[in-house]
Amino acid sequence: SSQRGSKCRAGVAAAVFRHSIKMYIRALFGVQRLGQSQLAGLLPRSRGLSSAAAADIDVRMARMETTGCDSGRIFLNSAGSSLPPRCVVHAQVAYLLEEEARGGYAAANASGPALEAFYPAAARLLGCGGSEVAFVESATRGWMLLLNSVRFNPGDRIITSASDYGSNFVGYLQTRDRFGAEVVVVPDDASGEIDLQKLREEASHPRARLISINHVPTCGGLVQPVQEVGRIAKECGVLYLLDACQSVGQMPVNVDDIGCDMLTTTGRKFLRGPRGTGLLYVRSSSLPKLEPMSLDQEGATLMSETEIDLRPDARCFEQFEYNFAGKVGLTVAIEYALGVGLGAIQARNFPLADRLRRELASIDKVEVTDVGNELCSIVTFQVAGKDARSVTMALGARGVDLCTSRAEGGAPRVWFDRRGLSAVVRASPHYFNTEEDVDRCAAIVREVVAS
């Protein structure tokens with residue numbers, strides 16, 4: 001009886017959530033426009049880490065609301081660019097139709113509440129203030145803006161992990177070449193995550209300036225101990241930049257719990273938002289320590305021919321021209337994720353990924369390459385005697401969409417080199433996937449190995 005009651009309550013909550021999203025989109029673009037507070041009132045609040053956890057997710061309904069789940073294929077590439085919910089696409093299209101009918105400027109002026117709704121939504125997602133977040137065109141764009149805003153002197157140290165994204169290392173090395181900074185790569189410990197003792201030693205160095213690491217690497221299930229890193233950064237008085245590109249959307253991410261000064265993430269991955277969207281976070285007390293670069297008159301006001309006045313919040317990193325429809329779509333994606341509940345998403349995703357790892361590990365010639373004490377919803381593997389790209393293509397030909405991570409193609413080159421890897425196959429299930437999806441994927445891998 002209690003179980004039936006729980007399912008009934010979950011069903012009612014799901015129905016209210018879907019109605020809220022529909023009403024939200026109508027309010028954004030209807031003739032009768034609402035104020036920002038009224039818009040917020042139409043949207044569901046996050047369930048957070050609910051005790052019912054994964055049982056709260058109506059997988060059937062999530063699939064019904066995801067057009068890509070009707071394709072007859074198995075989609076396992078949310079770590080690349082996930083399938084958006086239908087409401088996200090509808091919100092973007094609605095905004096573009098507004099531009100078609102009225103022109104870009106008039107559409108933006110009339111859609112002010114829709115565009116401003118991004119900030120409270122992003123703040124709830126990360127557990128911060130609305131003035132501490134900014135919309136950017138990609139996670140990499142936001143990350144570069146933040147790195148380039150740190151004041152480096154010759155000999156200052158950037159402390160990072162071997163598993164950091166390839167583009168991040170490009171930024172580190174450019175900073176080294178431009179300012180004479182030193183790049184220190186902290187080794188992994190025996191589990192495969194960053195060695196916290198070595199990190200503490202490096203962060204205690206008098207010239208330590210920035211700790212910059214990833215939360216989850218792009219080519220492995222590892223979840224870095226980011227809260228412990230935050231405590232070390234605070235103890236040593238070092239700025240802390242977190243690349244959360246692969247974590248936001250598949251697990252709760254709270255910047256106060258983590259203790260980071262800055263964070264970046266993308267819209268297109270586990271948040272299920274549009275491509276060409278992302279966000280950055282800067283702690284309000286850390287903003288005065290930065291020198292924002294590449295400003296225009298959104299980030300600073302031109303006071304005279306000799307003076308500018310910098311905007312006093314994270315939006316100093318924004319520019320006048322950006323992806324307006326994408327911003328609205330990202331807002332709806334964030335609200336959708338909050339409505340499902342990040343704790344519930346993690347409680348569903350992680351066991352799905354563990355199930356896939358177990359199945360793959362049971363296949364002869366297949367090596368699961370994930371390392372770490374805590375593993376997330378990214379599963380990587382390689383097949384003895386077969387190129388990772390050819391395995392990915394063979395799976396694609398059989399109806400399974402996933403990805404190849406290559407050392408020369410954006411994956412953590414340093415991490416791969418240190419581990420003797422050149423490429424891996426990457427699968428990334430999300431809460432709209434079923435147990436049958438991951439079992440079928442493993443069965444098809446078994447077929448590919450045998451072929």
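## Elements and overall fold

The model is predicted.

The protein chain holds 18 helices and 15 strands. Of its 451 residues, 54% count as buried. Among contacts with a separation of 6 or more, 72% join residues 24 or more positions apart. The chain exposes about 18,800 Å². Carbon and sulfur atoms supply 50% of that area.

Lys365 is not a glycine, yet its phi is positive, at about 75°. Arg272 is another such residue: it is not a glycine and has a positive phi of about 65°.

Arg272 belongs to the loop between S7 and strand S8 (278-282). Is Arg272 buried or exposed? Its relative accessibility is 1%, so it counts as buried; the cut-off for buried is under 20%.

## The second largest pocket

S14 gives the largest share, 4 residues.

By class, the lining has 15 polar, 9 nonpolar and 6 charged residues.

## Aromatic pairs

How many aromatic pairs does a search of the whole structure find? The search finds 9. In the pair of Trp143 and Tyr172, the ring centres are 5.4 Å apart and the planes stand at 70°, so the pair is edge-to-face. Trp143 lies in helix H9 and Tyr172 in helix H10 (residues 166-179), so the pair ties together parts that are 29 residues apart in sequence. Both partners are buried: Trp143 has 1% relative accessibility, and Tyr172 has a relative accessible area of 0%.

Tyr431 and Phe432 also form an edge-to-face pair, with 6.1 Å centre to centre and 70° between the planes. Tyr431 is buried at a relative accessible area of 2%. Phe432 is buried too, at 0%.

## An aromatic cluster

Five rings group together. Phe118, Tyr119, Phe135, Tyr322 and Phe324 form one aromatic cluster.

Conventions
Residues numbered from 1 in each chain as written. Predicted model: local features only at pLDDT ≥ 70, side-chain atom pairs only at ≥ 80, totals over all residues. Heavy atoms only, no water. Helix = DSSP H or I, 4+ residues; strand = E, 2+ residues; numbered from the N terminus. Nonpolar A, V, L, I, M, F, W, Y, C, P; charged D, E, K, R; others polar. Buried < 20%, exposed > 50% of the residue type's maximum accessible area, 1.4 Å probe, protein only. Contact = heavy atoms within 4.5 Å. Areas by Shrake-Rupley, 256 points an atom, 1.4 Å probe, with all protein chains shown as cover. Phe/Tyr/Trp six-rings, centres within 6.5 Å; stacked < 30°, edge-to-face > 60°.
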